[in-house]
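Please have the structure open as you read.

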Amino acid sequence: MTTVLDRFRLDGKVAIVTGASAGLGVAIAQALAEAGADVALGARRADKLQSTKALVEGAGRRAIAVSTDISDPDACQRLVDAAVGGLGRLDILVNNAGIGTARPALKETPEEFRAVTDVNVHGTFWMAQAAARAMEQGGSIVNITSIMAFLSVGMPQASYMASKAAIIGMTRDLAQQWTSRRGIRVNAVAPGIFETEMTGHFFDELLEAQLPRVPMGRAGDPAELAAAVVFLAGDAASYITGATIVVDGGRTIL
């Protein structure tokens, strides 16, 4: 008999995590491995993937590391091919890779704006498209968006906010296209305030400004975000598709 705890296990599954060289991607890859999945790791900085690979293997699972720039559709396909070829199949994609800027809107150049959307929007789609083609027996795609798809935190982030809002719309459409036809659930997770490599240089300023508006009174722990991803990745969320789960300590309710 399948128990409720069995539904959170990912034994026998193979996952891809992009942006796995730092920050939330590392926590997500480790959590998926602890839940039983083998993990293919993608990031532009291949050398920094080795420590994440060691964490996955330390959890007793197989791992491969592939240098990947998700703004390149061919690179996305190579990552998927490497996952299937090296680990045998593909069941889960976590679209975590992303970049951002903090440029005032009147100063942000077309090149800067496009650089953000090329990774965050186009790259998320190229990875989802390549993964869906390989998920012959269904699967789960989890896109990482942000609470900044819903609200401003008082910083100049037009390109980033636009890209993260686009991911929510994309998630809904891919869910309606692929869940009934291909058995692929597509959901998103919207993190709130987490200290990562991307936020590190302004984290103290961000925390001081935003903490009074976070009911839980603290920043998030990457393991808390990773747990939400594990939930959506497996059978525990088998009746959830097209949804965005907010993991923000309550910031979006104030």
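Glutamate 57 is partly exposed, because its relative accessibility is 39% and that class lies between buried (under 20% relative accessible area) and exposed (over 50%), with a 1.4 Å probe and protein chains only. Its partner in a salt bridge is lysine 53, with the closest N and O atoms 2.7 Å apart; a salt bridge here is a side-chain nitrogen of Lys or Arg within 4 Å of a carboxyl oxygen of Asp or Glu. The two residues are four apart in helix 2, so about one helical turn separates lysine 53 from glutamate 57. Helices (H or I, at least four residues) and strands (E, at least two) are DSSP runs, numbered from the N terminus.

A word on the basis: this is a predicted model, in which local features need pLDDT of at least 70 and side-chain atom pairs count only at pLDDT 80 or more, while totals for chains, interfaces and linings use all residues. Residues are numbered from 1 along each chain as its sequence is written, and side-chain values use heavy atoms, leaving out hydrogens and water.

By the salt-bridge rule, the count comes to eight.

| Salt bridge | N to O distance |
|---|---|
| Lysine 53 and glutamate 57 | 2.7 Å |
| Arginine 61 and aspartate 38 | 3.2 Å |
| Aspartate 72 and arginine 78 | 3.9 Å |

Let us look at the pair of arginine 61 and aspartate 38, whose side chains meet in a salt bridge. This pair links distant parts of the chain, 23 residues apart: arginine 61 sits in the loop between helix 2 (49-58) and strand 3 (63-67), and aspartate 38 in strand 2. Aspartate 38 counts as buried at 5% relative accessibility, whereas arginine 61 is partly exposed at 24%. Asp38, Arg61 and Arg62 are linked in a network of salt bridges. Contacts of aspartate 38 (heavy atoms within 4.5 Å) include Lys13, Val14 and Leu87.

In the pair of aspartate 72 and arginine 78, both partners are partly exposed: aspartate 72 has 29% relative accessibility and arginine 78 has 49%.

Now to strand 5 (residues 139-144), where six of six residues are buried. Gly139, Ile141 and Asn143 point one way, and Ser140, Val142 and Ile144 the other. In a regular strand, side chains alternate between the two faces of the sheet. Strand 5 pairs with strand 4 (residues 92-95) in the parallel sense over four bridges; pairing requires at least two DSSP bridges. Leucine 93 stands opposite isoleucine 141.

Methods:
Lists of a residue's contacts leave out its neighbours within four places in sequence.
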